[in-house]
Amino acid sequence: DDQLEDYSLENYEKQLEWMKEFESELLGLKVRQLSAENQLNHELLALQLKNSIEGANYGGKYQLMTNRGAPHLSLAQMPARLPFRQNIDYKSYLKRLALVPVQSDQVIDRLRAGLEAGWKQPCESMRGFENSITTHIVTDVEQSNFMQPFKKRPNAVAEDDFNAYKKRAADLVKTKV
């Protein structure tokens, strides 16, 4: 609960191996014994795994940023996706904010490796993409999307604790995020 996704190439390779093993197990199932609905689920999952595995051969492992999504967009959605009801929720969030530089370095390293290997997105499809980044660059930390969890204190969190979490979050947003 207090980690961010690992975007390193090493982790990608581990996931790829896991997908290959899972695909092998999946294809070994006796599909005819499944209900019609689950036969379709099986077929769709097998296709998804196949495409993900094949994508690694064609630069898929380097395509972290597309016109449909990117790691920084998932990160920006974190305040809306996580619960903020008790102390542990805020502590978990603060640990994740502290890890943003590590995750950012992983993304940059992976994108650079892709560029070195000759893989990049076409410029036209990425036109305006920079706005998905610049919208999160604010001069007043209180206006940052990452400060949303501190707009209202839940009853289960003491005011002193909440204020300390908010202060720490503001520091992390300024210095790490």
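A residue is called buried under 20% relative accessible area, exposed over 50%, and partly exposed in between (1.4 Å probe, protein chains only). The structure is a predicted model, in which local features need pLDDT of at least 70, side-chain atom pairs count only at pLDDT 80 or more, and totals for chains, interfaces and linings use all residues. Residues are numbered from 1 along each chain as its sequence is written, and side-chain values use heavy atoms, with hydrogens and water left out.

Leu 34 has a relative accessible area of 31%, so Leu 34 is partly exposed. Leu 34 sits in the loop between helix 1 (9-27) and helix 2 (36-55). Helices here are DSSP runs (H or I, at least four residues), as strands are (E, at least two), and they are numbered from the N terminus. Contact means heavy atoms within 4.5 Å. With residues up to four places away in sequence not counted, Leu 34 touches Gln 39 and His 42. Lys 14 lies 20 residues from Leu 34 in sequence, and their C-alpha atoms are 30 Å apart in space.

Glu 23 belongs to helix 1. Glu 23 is buried, yet has no salt bridge. A salt bridge requires a side-chain nitrogen of Lys or Arg within 4 Å of a carboxyl oxygen of Asp or Glu. For charge, Lys and Arg count as positive and Asp and Glu as negative, while His and the chain ends are not counted. The nearest side chain of opposite charge to Glu 23 is Lys 50, 7.5 Å away. Apart from neighbours within four places in sequence, Glu 23 is in contact with Ala 46, Leu 49, Lys 50 and Ile 53.

Two other buried residues were examined. Ala 70 is found in the loop between helix 2 and helix 3. Its relative accessibility is 8%, so Ala 70 counts as buried. Ala 70 is in contact with Leu 64, Met 65 and Phe 129, leaving aside neighbours within four places in sequence. Between the C-alpha atoms of Ala 70 and Pro 122 there are 15 Å, and the two residues are 52 residues apart along the chain. Gln 106 is in helix 5. At 18% relative accessibility, Gln 106 is buried too. Gln 106 touches Glu 5, Asp 6, Tyr 7 and Ser 8, with residues up to four places away in sequence not counted.

Pockets were considered next. On a 1 Å grid over the protein atoms alone, a pocket is an open set of points where a 1.4 Å probe fits, with protein on both sides within 12 Å along at least five of seven lines; lining residues have an atom within 4 Å of a point. Grid points are joined across faces, edges and corners, and a volume is the space filled by probe spheres set on the points.

The largest pocket has a volume of about 490 Å³. Its lining holds 21 residues, and His 72, Leu 75, Ser 104, Ile 133 and Val 177 lie nearest its centre. Helix 3 (71-81), helix 5 (100-116), helix 6 (131-134) and helix 7 (159-175) each supply at least two lining residues. Helix 5 gives the most, with 5 residues. By class, the lining of the largest pocket has 13 nonpolar, 7 polar and 1 charged residues. Ala, Val, Leu, Ile, Met, Phe, Trp, Tyr, Cys and Pro count as nonpolar, Asp, Glu, Lys and Arg as charged, and the others, Gly among them, as polar.

The second largest pocket has a volume of about 270 Å³. Of its 16 lining residues, Tyr 12, Gln 15, Gly 60, Lys 61 and Arg 110 lie nearest the centre. Helix 1 and helix 2 are the elements that give two or more residues to this lining.
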